[in-house]
Amino acid sequence: FVGQLLMGKGIDILLNAMTNIDKTYKLKIIGTGAQNELFVNYTKKLHLEDRVEFIGSVKHEELIKHYQEAYCLIVPSRTPETFNLTGVEALKAGLPVIAANVGGITEWLRDGINGLLFDSNNELDLSEKINNLIATPSMHYNFCFNAFKSMIYDFKSKSHIDNLVNTFNQQNKDLR
């Protein structure tokens, strides 16, 4: 997980899901926020202290290193994300993403292609998606490949600018 440590980001959902995940897998939580202590205490309540590490704030170069070492990025948001830049950064590093199906996440996450979507606020659905990715190495490999590929085709500068211009032009037509 990468982001602000706030209830709206769904960290409690992720922690609950961790209780149903293969015990050999660990969770790194990167970021800070007003509810940091709440989540540290909740981790203790769930007896996950040995499997969850709160990293705090990191520089961008270190974040990229964490992405490269991770198995996947989890975006468990319970409130709509406008876009979620951390997910795009993870894909750019070739890291698959498992994210709640809220807001603009489907603008970059292709369910079953470069990651998986789960029902927001549904820790059982999240744990099933994580366990399925763990149990299916070929799926993980394909998602890693497609994550990187999607960044080349969907977010290279010219494509991105063309999409923005087309959106702007469409909005202009709608206003007339």
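Author: An axis here is a line fitted to C-alpha atoms, for helices over the stretch in contact, and angles between N-to-C directions run from 0 to 180 degrees. The helices (H or I, at least four residues) and strands (E, at least two) are DSSP runs, numbered from the N terminus. This is a predicted model, in which local features need pLDDT of at least 70 and side-chain atom pairs count only at pLDDT 80 or more, while totals for chains, interfaces and linings use all residues. Residues are numbered from 1 along each chain as its sequence is written, and side-chain values use heavy atoms, with hydrogens and water left out.

Reader: How many helices and strands are there in the protein chain?

Author: The protein chain has 7 helices and 5 strands. Read from the N terminus, the order of elements is α-β-α-β-α-β-α-β-β-α-α-α. Contact means heavy atoms within 4.5 Å. Among contacts with a separation of 6 or more, 66% are between residues 24 or more positions apart.

Reader: What describes two packed helices?

Author: Two packed helices are described by the angle between their axes and the distance between the axes. Here, α4 and α6 pack with axes 7 Å apart at an angle of about 110°. Therefore α4 is roughly perpendicular to α6. Angles of 65 to 115 degrees carry that label; under 35 counts as roughly parallel, over 145 as roughly antiparallel, and the rest as oblique.

Reader: Which residues of α4 and α6 meet?

Author: Val 88, Leu 91 and Lys 92 of α4 meet Ala 147, Phe 148, Ser 150 and Met 151 of α6. By class, the residues of this contact are 5 nonpolar, 1 polar and 1 charged. Nonpolar covers Ala, Val, Leu, Ile, Met, Phe, Trp, Tyr, Cys and Pro; charged covers Asp, Glu, Lys and Arg; the others, Gly among them, are polar.

Reader: At what angle do the axes of α5 and α6 cross?

Author: Helix α5 (residues 123-135) and helix α6 (residues 137-154) have axes that cross at roughly 95° and come within 5 Å. So α5 is roughly perpendicular to α6. On the α5 side the contact is made by Asn 132, Leu 133, Ile 134 and Ala 135, and on the α6 side by Pro 137, Met 139, His 140 and Phe 143. These residues divide into 6 nonpolar, 2 polar and no charged.

Reader: Which residues of α3 are buried?

Author: Buried means under 20% relative accessible area, exposed over 50%, and partly exposed in between (1.4 Å probe, protein chains only). Over the 176 residues of the protein chain, 40% count as buried. In α3 the buried residues are Leu 63, His 66 and Tyr 67. They lie on the same side of α3 because their arc around the axis is only 100°, an arc being that of the directions from the helix axis to the C-beta atoms. The elements covering them include β1, β2 (52-56), β3 and α4 (85-92). The face of α3 turned away from the buried side carries the exposed residues Glu 61, Gln 68 and Glu 69.

Reader: What describes a pair of aromatic rings?

Author: The distance of the centres and the angle of the planes describe such a pair. Rings of Phe, Tyr and Trp (its six-membered ring) pair if their centres lie within 6.5 Å; planes under 30 degrees apart count as stacked, over 60 as edge-to-face and the rest as tilted. A search of the whole structure gives 1 aromatic pair. Tyr 25 and Tyr 71 form an edge-to-face pair, at 5.7 Å centre to centre with 65° between the planes. The pair links distant parts of the chain, 46 residues apart: Tyr 25 is in the loop between α1 (11-18) and β1 (27-30), and Tyr 71 in the loop between α3 (60-69) and β3 (73-75). Tyr 25 is partly exposed at 26% relative accessible area, and Tyr 71 is partly exposed at 24%.

Reader: Where does Leu 109 lie?

Author: Leu 109 lies in the loop between β4 (97-100) and β5 (115-118), and is buried at 2% relative accessible area. Neighbours within four places in sequence aside, Leu 109 is in contact with Val 97, Ala 99, Asn 114, Gly 115, Leu 116 and Leu 117.
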